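Look over the sequence and the model, then read on.

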Amino acid sequence: MSAIRLEGARTLFYKEVLRFWKVAFQTVAAPVLTAMLYLLIFGHVLEDHVKVYDSVGYTAFLIPGLVMMSVLQNSFANSSSSLIQSKITGNLVFLLVTPLSHWAWFVAYVGASMVRGLTVGLGVLLVTAWFAPPGLAQPGWIIVFLLLGSGIMGSLGLIAGLWAEKFDQLAAFQNFFIMPMTFLSGVFYSVHSLPAFWQAVSHLNPFFYMIDGFRSGFFGVSDVSPWLSLGIVSVAFVVVAGVALELLRRGYKIRG
């Protein structure tokens, strides 16, 4: 039975990867183009006017933030859109009659979300690094924060997809929670450039630690210690993944 469930999880994972890859022009190429436009606009306008770190130009500083922002947003979008689409079209019933455990659902949906997020992130890095290579001071931090960040957002997308009953609710979750949290996390600026009050507010945003820890892997400098960022992001992953697994175990809004 365990072998059957493992094969089922693998099949569901493959199905989820294939789902976004078959429309890669929309799910991969479009986010890469968006990130490149951000770089061209902000980098061109602010390169000579904004100084972040002494040894890092603004365009180079911007690239890791855009990469991580793309990873986070697309990891969330993959699991959330897949689940809500299956709920609305009614084909989720075909998964409910299988012997797949809640762990298998979690691994398949979140795993596929991580693949999409990392694919988009790699595409953004390859396209934007041509303008200002950001360097690789500590590659280990880059890998760790990529995996944890995409895992958190894939899990959060799973929660949003389970909660939402229509696309409007999912869009509201993304527009009023995900987008503000990512844009206000230091993608386009260092939080040290903010007034004291807004620095304190930024330090309450877990997305800030994902991006700051990820950026430290490129430059070896960051706004806070990468070890602090790792601790906070790891706790966030355990909490969000735990909630997603519990909702799946209960069959929240997917079983009558």
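## Ground rules

Helices (H or I, at least four residues) and strands (E, at least two) are DSSP runs, numbered from the N terminus. This is a predicted model, in which local features need pLDDT of at least 70, side-chain atom pairs count only at pLDDT 80 or more, and totals for chains, interfaces and linings use all residues. Residues are numbered from 1 along each chain as its sequence is written, and side-chain values use heavy atoms, with hydrogens and water left out.

## Asn74 in helix α3

Asn74 belongs to helix α3 (residues 58–89). Its relative accessibility is 6%, so Asn74 counts as buried. Buried means under 20% relative accessible area, exposed over 50%, and partly exposed in between (1.4 Å probe, protein chains only).

The side chain of Asn74 reaches the backbone oxygen of Ser70 at 2.8 Å. A polar contact of 3.3 Å also joins the side chains of Asn74 and Arg116. Such a contact is a pair of N or O atoms within 3.5 Å; within protein, one must be able to donate a hydrogen and the other to accept it, and residues adjacent in sequence count only if both atoms are side-chain atoms. Beyond its neighbours within four places in sequence, Asn74 is in contact (heavy atoms within 4.5 Å) with Thr27, Pro31, Arg116, Gly117 and Val120.

## Helix α2

Thr27 and Pro31 are among the buried residues of α2, including also Val28, Val32 and Leu39. A kink of about 30° lies at Ala30, shortly before the proline Pro31. The bend at a residue is the angle between axes fitted to the seven residues ending there and the seven starting there.

## Aromatic rings

The structure holds 19 aromatic pairs. In one, the ring centres of Phe76 and Phe173 are 5.7 Å apart and the planes lie at 5°, so the pair is stacked. The pair links distant parts of the chain: Phe76 is in helix α3, Phe173 is in helix α7 (residues 167–183), and they are 97 residues apart. Rings of Phe, Tyr and Trp (its six-membered ring) pair if their centres lie within 6.5 Å; planes under 30 degrees apart count as stacked, over 60 as edge-to-face and the rest as tilted.

Phe76 is buried, at 0% relative accessible area. Phe173 counts as partly exposed, at 21%. Elsewhere, Tyr38, Phe42, Phe183 and Phe188 form one aromatic cluster.
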